[in-house]
Amino acid sequence: LRHSVEEDGFQIVVEGRADGIIRDGKDVTIDEIKCVYQDVNCLEEAVGVHMAQARCYGYIYGLQEALDEVTLQLTYCNLETEEIRRFQEIQTMNELSEWFAGLIHEYVKWARYLYHNGLRRDESIKALEFPYPYRAGQRELAVAVYRTLERGRRLFVQAPAGIGKTLSTVFPALKAIGEGHGQKLFYLTAKTITRTVAEEALAILRERGLYFRSVTITAKEKLCILEKPVCNPEMCPRAKGHFDRVNDAVYDILQEENMMDRDCILRWAKDRRVCPFEYSLDIASWVDHIICDYNYVFDPNVCLKRFFAEGIRGDYLFLVDEAHNLVERARDMYSETLVKEDFLAMKKKLKIYGKKLENTLERCNKEMLVLKRQCEKLLVLEEMDSFLFALFRAAAAMDELLQKEGNIIDRDEVLDFYFKVRNFVNLSDDFDEHYRIYCDYDEKGQFCLHLFCVDPSYMLQKRLDRSRACVFFSATLLPIRYYKELLCCDDDVYAIYADSVFEQEKRALLIGRDVSSRYTRRTFAEYLAFADYIEAIVEKKKGNYMVFCPSYKMLEEISQKFMAKSLGSCDVICQRSGMSEQEREDFLKEFEEVRERSFVAFCVMGGVFSEGIDLTEEKLIGAIIVGVGLPQIGNEREVMKQYFEATGRDGFSFAYLYPGMNKVIQAAGRVIRTKSDEGVIALLDERFTRSEYRQTFPREWNDGKICDRHTVGDLVDDFWQKR
C-alpha cells in the first residue's frame with residue numbers, strides 16, 4: 001500500500017505491506033499481525049503504535065477503494081502456543097482522514113528540518129578544507145578513505161600513532177557525505193577517550209565553518225539520574241510523562257546545539273524532564289553523525305533498532321576506531337554461557353509460580369546433567385538439539401511469568417538469568433561452522449555450556465551489510481590479514497599501511513634476550529632479572545616510565561624486587577585490579593607531577609592504561625614491556641586454536657600470538673604519541689628475538705637492538721647522550 005501527499009512544498013510518501021485485507025461483502029477489515037512470545041491473554045488492548053500502523057493501511061486502502069468505513073484489526077499470535085488474541089476498532093474514512101492529516105502535519109516540521117539541515121550541511125562541507133598542513137602520509141590516507149566510501153567498499157588501515165588518523169578519516173568521510181556518498185556517519189569506538197578525540201576533531205572542523213550535527217551516545221548506567229536504572233514511571237520521575245515531552249525536547253535541542261555530547265544531553269534532559277538515555281537515542285535519528293560504542297551497531301541485544309533492524313539497509317558510513325578491539329568484543333557479543341547450577345537455583349526460586357515453569361527448568365538441568373557426566377575437563381559437542389528444545393520451552397515459560405507477575409522475588413537476578421537464556425536461544429539460530437559448542441567447569445567448579453563464536457566475521461558481516469561502506473583503523477592492526485579474516489567476509493577489501501611520521505632516531509628499541517615471562521621461568525631469580533633491567537633503564541635519565549606486566553601477580557613480584565633494589569631512589573605506583581574511574585584519573589595525574597627523581601608506574605599489559613591514553617613529551621619517556629603478552633592457556637583458547645587449525649590456519653598464531661603481540665605493540669605505543677616525543681621502548685623476553693614474533697612487529701621497528709641486563713644500561717645511556 002502506497003500513498004503520496006503534498007504539504008508545504010514537500011511530497012511525503014507513506015508505504016508499507018498490509019498483512020491481511022479481509023472482504024465480506026461491503027465490509028473490509030485490515031489485519032495487522034504481530035508475533036510475540038508473551039501470553040496474549042495478558043494484553044488488555046492493542047499497542048498504540050501497532051494500531052497506528054493499521055490506521056495508515058486502513059486510510060490508504062479506504063482511499064483507493066472509495067470506502068465509507070474500515071475495520072482495523074490487530075492480531076497477536078504467541079509463537080510457541082500459536083494462541084491468538086484480536087482487537088478491533090471501526091473507523092469512518094472521515095475519522096481516518098482527519099487522523100492521517102494530523103500525522104502528516106506533525107511530520108512536515110521534521111521534513112522541513114531534514115531538508116534545510118541537509119542543504120546547509122552539504123554547502124558547508126563543500127567549502128571545508130583540511131585544518132592543518134598534511135603530515136607525511138596523511139593526505140594519502142585521507143584519499144584512500146574517501147575513495148573507499150565513494151565506492152561503497154571496506155578498508156583496513158594500519159596507522160601509527162601521531163599520523164592524526166581521526167582527522168584523516170573523519171574529514172574524507174565528511175567530504176563523501178557532501179558529495180552524496182552517504183547520509184549518516186557512525187564513529188564507532190571501544191573506549192570513552194577515543195569518543196572524546198572524535199568530538200574534538202569535529203570541534204576543530206566546526207571552527208573552520210563546518211555545519212554538522214553530532215550526538216554522542218553514552219551508556220544508560222552513566223546517564224541515569226537513579227543510582228541503578230529502573231525504567232518504571234512509578235520509580236523514575238523522568239520516565240513518567242517522558243513520551244509526552246520528548247518530541248518537543250528533541251526538536252528544540254536540534255535548533256540550538258550542534259555537538260550533543262554527554263554534558264549537553266544531561267543538561268537538556270534535566271531542563272525538559274526526560275530520560276537522558278532515551279533522549280540521546282531519539283536525537284540520533286535526526287543528526288548527521290553518531291559517536292558511540294561498537295555495541296550500538298554490532299551487538300544484536302543493544303544495537304540501535306531504528307537503524308539496524310533486520311532487513312533495514314541505510315546509507316550509512318562506518319568509521320571503526322581502535323578496530324583491533326573489535327575481534328574479542330565481537331566474540332563476546334555473539335557468544336553465551338549457561339551454568340547448570342543456575343537452573344537449579346532458579347527452579348527453587350521460581351517453583352512457587354507454578355509447576356510448568358519448574359518442570360521446564362528441571363528439564364534443562366537434566367539435559368545439562370547428561371552432558372556433565374560425559375565431561376571430565378573439556379567436552380566439544382557437534383550439536384545440542386535436545387538441550388535447545390528444553391531451553392526454548394523454559395524461555396517461553398519465563399516470558400509468560402514476566403508478563404504476568406509484576407513483583408517477582410529477586411527480580412533483577414531472575415531477569416539476568418532470563419536474558420542469558422533468551423540470548424542463548426537467539427544466538428543458536430545463527431549456529432554454523434563459525435561456532436563451537438563446548439562444556440567445561442569454571443573456577444568455582446560449576447558446570448558450564450558455551451556457545452562460542454570463534455570466528456565473528458560472518459556475524460559482523462551481516463551488520464556491515466546494512467551500511468554503505470566501512471573503514472577499520474588502528475595503530476595496531478597487525479597482521480592485517482588476521483583482522484581482515486575475522487572482521488568481515490568480503491574477499492575484495494582494501495588494506496593500507498600508513499607511514500609513521502616519527503624520526504626513528506628519537507626512539508630507542510631494545511630487546512632483552514636473557515629473560516622470559518614463560519610460566520616455567522617465573523622464579524625469584526627471573527623477577528630479580530626483570531628488576532635489574534628496569535633499574536638500568538630508569539637510572540640513566542630522570543623521567544616518567546611505565547612498566548607493563550602480563551599479570552597482577554608478576555606486577556606485584558617485579559615491583560617489589562625493583563623497590564627493594566632501588567632503595568627509594570624512584571617514586572613508584574602500581575595499578576590495582578578493579579580501579580574506579582576516579583582512581584584511574586588520579587593514577588594518570590601522577591604523570592603530570594614535577595619530581596626530583598624518576599617515576600615508575602607498574603601496569604598490566606592489555607589493561608586500561610596500556611592503550612587509549614596520551615602521555616606526551618616529558619610526561620612519559622620510557623615503556624618497559626615484560627613478556628610477549630600471550631593470553632593465558634585455557635579451554636577457550638584451546639578450542640580456538642583447534643578451530644583455526646581445522647580450518648587450515650595457524651592455530652597458535654590466531655589464538656595466542658597475534659592477540660598477545662597486539663597488547664605488546666599497544667603498550668609500547670604509549671611512549672611515542674606526538675612528533676616531538678622521545679623515549680625508550682624495552683621488550684623484555686627472549687621470544688622477541690625469534691622470527692615468528694618479529695614478523696608481527698610494525699615495519700618501523702626494524703632497528704631494534706638486542707641486549708642483556710648487563711649491556712642495556714650502556715645502550716640507553718648512548719641513546720640519551722645523542723639526544
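User: At 27% relative accessibility, what does E328 count as?

Analyst: E328 counts as partly exposed at that 27% relative accessibility, where buried means under 20% relative accessible area, exposed means over 50%, and partly exposed lies in between, judged with a 1.4 Å probe and protein chains only. Please keep in mind that this is a predicted model, in which local features need pLDDT of at least 70 and side-chain atom pairs count only at pLDDT 80 or more, while totals for chains, interfaces and linings use all residues. Residues are numbered from 1 along each chain as its sequence is written, and side-chain values use heavy atoms, with hydrogens and water left out.

User: OK, and which side chain does E328 meet in a salt bridge?

Analyst: The side chain of E328 meets that of R331, at 2.8 Å from N to O; a salt bridge here is a side-chain nitrogen of Lys or Arg within 4 Å of a carboxyl oxygen of Asp or Glu. Side chains of opposite charge can pair when their charged atoms come close.

User: Where do E328 and R331 sit?

Analyst: They are three residues apart in helix α12 (residues 326–333), so about one helical turn separates them. Helices (H or I, at least four residues) and strands (E, at least two) are DSSP runs, numbered from the N terminus.

User: How many salt bridges does the count come to?

Analyst: By that rule the count comes to 51 salt bridges. One of them joins the side chains of K565 and E535 at 3.4 Å, N to O. K565 belongs to helix α20 (residues 552–566) and E535 to helix α19 (residues 524–538), so this pair ties together parts that are 30 residues apart in sequence. K565 is partly exposed at 29% relative accessible area, and E535 also counts as partly exposed, at 23%.

User: Which residues do salt bridges that share partners join into one network?

Analyst: The network is made of D455, R481, E485 and R649.

User: Switching topic: at what angle do α22 and α23 pack?

Analyst: Helix α22 (residues 635–646) and helix α23 (residues 651–668) pack at about 130°, and their axes are 5 Å apart. The axes are lines fitted to C-alpha atoms, for helices over the stretch in contact, and angles run from 0 to 180 degrees between N-to-C directions. The two helices are therefore oblique to each other, given that angles under 35 degrees count as roughly parallel, over 145 as roughly antiparallel, 65 to 115 as roughly perpendicular and the rest as oblique.

User: Which residues make the contact?

Analyst: Among them are M640 and F644 of α22 and F652 and Y656 of α23, with contact meaning heavy atoms within 4.5 Å.

User: What about the backbone, where is a cis peptide bond?

Analyst: A cis peptide bond joins L478 and P479, with omega at about -10°, and P479 lies in the loop between β17 (469–474) and α18 (480–487). Most residues other than glycine have a negative phi, and most peptide bonds are trans.

User: So what is the phi of D8?

Analyst: D8 has a positive phi of about 55°, although it is not a glycine, and it lies in the loop between β1 (2–7) and β2 (10–15). R273 likewise has a positive phi of about 55° without being a glycine, and its place is in the loop between α8 (262–272) and α9 (276–284).
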